[in-house]
Amino acid sequence: MRIMEEIIGKEVIDNSALILGRVKDIEVNIETNEIEALILGKGGIAESLGLSDNEVIISYDIIKEIGDKILINR
């Protein structure tokens, strides 16, 4: 899915410019083929080695804009 390749790795920020993390994975509804949520990693060396369980799930409903970064309403 081309859209996944474009979204994974993007930084996610909220309305106050607080960085929440980077998109690590995407939840897709296989019946409708629509994105339901973004899974964010907090970053750091532990995550790059696959040792971190620090994940945040962001519902696709609160995404305001997708560009160089992803902006959410929060």
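A search of the whole structure, which is a predicted model, finds 3 salt bridges, a salt bridge being a side-chain nitrogen of Lys or Arg within 4 Å of a carboxyl oxygen of Asp or Glu. Local features need pLDDT of at least 70 and side-chain atom pairs count only at pLDDT 80 or more, while totals for chains, interfaces and linings use all residues. Residues are numbered from 1 along each chain as its sequence is written, and side-chain values use heavy atoms, with hydrogens and water left out.

Glu-11, Arg-22 and Lys-69 are linked in a network of salt bridges. Lys-69 pairs with Glu-11 at 2.5 Å between the closest N and O atoms. Lys-69 lies in the loop between strand E5 (63–66) and E6, and Glu-11 in strand E1, so this pair ties together parts that are 58 residues apart in sequence; strands (E, at least two residues) and helices (H or I, at least four) are DSSP runs, numbered from the N terminus. Arg-22 also forms a salt bridge with Glu-11, with the closest N and O atoms 3.8 Å apart. Here the link runs from Arg-22 in strand E2 to Glu-11 in strand E1, 11 residues apart. Glu-11 is buried because its relative accessible area is 15%, where buried means under 20%, exposed over 50%, and partly exposed in between (1.4 Å probe, protein chains only). Its two partners are partly exposed, Arg-22 at 44% and Lys-69 at 40%. Not counting residues up to four places away in sequence, Glu-11 touches Ile-19, Gly-21, Arg-22, Lys-69 and Ile-70, contact meaning heavy atoms within 4.5 Å.

Glu-55 is partly exposed at 45% relative accessibility, as is Lys-24 at 32%.

The protein has 2 helices and 6 strands, arranged along the sequence as α-β-β-β-α-β-β-β. E1 and strand E2 (residues 19–29) pair in the antiparallel sense over 3 bridges, pairing requiring that DSSP find at least two bridges between two strands. Ile-13 stands opposite Ile-19 in E2. These strands form a hairpin with 5 residues between them, and Ala-17 in the turn has a positive phi of about 70°. E2 pairs in turn with strand E3 (residues 34–41), again in the antiparallel sense, over 7 bridges. In that hairpin, 4 residues separate the strands, and Asn-33 takes a positive phi near 60°.

Turning to the nonpolar side chains, the largest nonpolar core has 12 residues, among them Ile-7, Val-12, Ile-26 and Ile-72. Such a core is a set of buried Ala, Val, Leu, Ile, Met, Phe, Trp, Tyr and Cys residues joined through side-chain atoms within 4.5 Å. Ile-26 is found in strand E2 and counts as buried because its relative accessibility is 7%. Leaving out residues up to four places away in sequence, Ile-26 touches Met-4, Ile-7, Ile-8, Ile-35, Ala-37 and Leu-38. Over the protein, 28% of the 74 residues count as buried.
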